[in-house]
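Dear colleague,

Please find below the structure that I am handing over to you. My notes on what was found in it follow directly after.

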Amino acid sequence: MTERQAEVLAVLGKLADAWNDGDAAAYASHFTEDADYVTFFGMKMPGRAMIESAHRSLFEGPLKGSKLVAGGGEPKVRFLRPDVAIVVSGGGSSLSDRKPEPGRESTLTYVLVEEPDGWRVASFQNTRVSDPAARAS
């Protein structure tokens, strides 16, 4: 792993730490002011302020005490330019702190940009893992 890849992945680690602490302000601080955030069910949250507000409600309500956990193998980091990275990884949330709860495993796509004070997430998409063929049978 290169130093640049490690820098990008460190941001994802900080996101997980903030989530696991239930800290909406810290979670949102890792996004750009104008970030695009798309939830697993397609809800769009434009901007850092909305990301923080929505996560505060989640951390105080239905996702209180939840933990982000890794899944789906190693994250793939690809640089489009030296200051723009795409990360595709697996993961999900859990109340047991071990692995994603059934039905909560996702493929996560991040676009990060390097700003003067470090890397920030400019775009995020959470897509639930599913098997359409299994549903058809």
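Is Asp 34 buried or exposed? Asp 34 is exposed because its relative accessible area is 60%, where exposed means over 50%, buried means under 20% and partly exposed lies in between (1.4 Å probe, protein chains only). Asp 34 belongs to strand β1.

Before the remaining findings, a word on the basis of the values. This is a predicted model, in which local features need pLDDT of at least 70 and side-chain atom pairs count only at pLDDT 80 or more, while totals for chains, interfaces and linings use all residues. Residues are numbered from 1 along each chain as its sequence is written, and side-chain values use heavy atoms, with hydrogens and water left out.

Overall form

The protein chain contains 4 helices and 6 strands; these are DSSP runs numbered from the N terminus, with helices being H or I of at least four residues and strands being E of at least two. In sequence order the pattern is α-α-β-β-α-β-β-β-β-α. The radius of gyration is 15 Å, close to the 14 Å that the globule rule gives for 137 residues, so the chain is as compact as a globular protein of that length. That radius is taken over C-alpha atoms, and the rule is 2.2 Å times the number of residues to the power 0.38. Along the principal axes, the C-alpha atoms fill a box of roughly 50 × 30 × 25 Å.

Of the 137 residues, 37% count as buried. Among contacts (heavy atoms within 4.5 Å) with a separation of 6 or more, 50% come from residues 24 or more positions apart. The chain exposes about 7900 Å², of which carbon and sulfur atoms supply 54%; the areas come from the Shrake-Rupley method with a 1.4 Å probe, and for residues only the protein chains shown count as cover.

As to charge, there are 16 positive and 19 negative side chains, and the centres of the two sets lie 6 Å apart. Lys and Arg count as positive and Asp and Glu as negative, without His and the chain ends; each charge is placed at NZ of Lys, CZ of Arg, CG of Asp or CD of Glu.

The nonpolar core

In soluble globular proteins, nonpolar side chains tend to be buried together. Here the largest nonpolar core has 27 residues, and Tyr 27, Phe 31 and Tyr 110 touch the most other members. Such a core is a set of buried Ala, Val, Leu, Ile, Met, Phe, Trp, Tyr and Cys residues joined through side-chain atoms within 4.5 Å. The elements that each supply at least two residues of this core are α1 (3-20), α2 (24-28), β1 (31-38), α3, β4 (84-94), β5 (105-115) and β6 (118-128). Helix α1 gives the most, with 7 residues.

Residues of helix α3

Phe 59 lies in helix α3, which spans residues 48-60, and is buried at a relative accessible area of 7%. Its contacts are Trp 19, Gly 22, Asp 23, Ala 24, Tyr 27 and Lys 64. Although Phe 59 and Ala 24 are 35 residues apart in sequence, their C-alpha atoms are 7.3 Å apart in space.

His 55 is also placed in helix α3. It counts as buried because its relative accessibility is 1%, and it touches Trp 19, Ala 24, Tyr 27, Tyr 37 and Met 45.

Arg 48 is a further residue of helix α3. With 19% relative accessibility, Arg 48 counts as buried, and its contacts are Ala 28, Ser 29, Phe 31, Thr 32, Glu 33 and Arg 120.

Two further positions

Ala 16, in helix α1, is buried with a relative accessible area of 18%. From Ala 16 to Tyr 110 the distance is 13 Å, C-alpha to C-alpha, for a sequence separation of 94 residues.

Gly 92, in strand β4, is buried at 10% relative accessible area. Gly 92 and Arg 104 are 12 residues apart in sequence, and their C-alpha atoms are 5.6 Å apart.

With kind regards

Key: Lists of a residue's contacts leave out its neighbours within four places in sequence.
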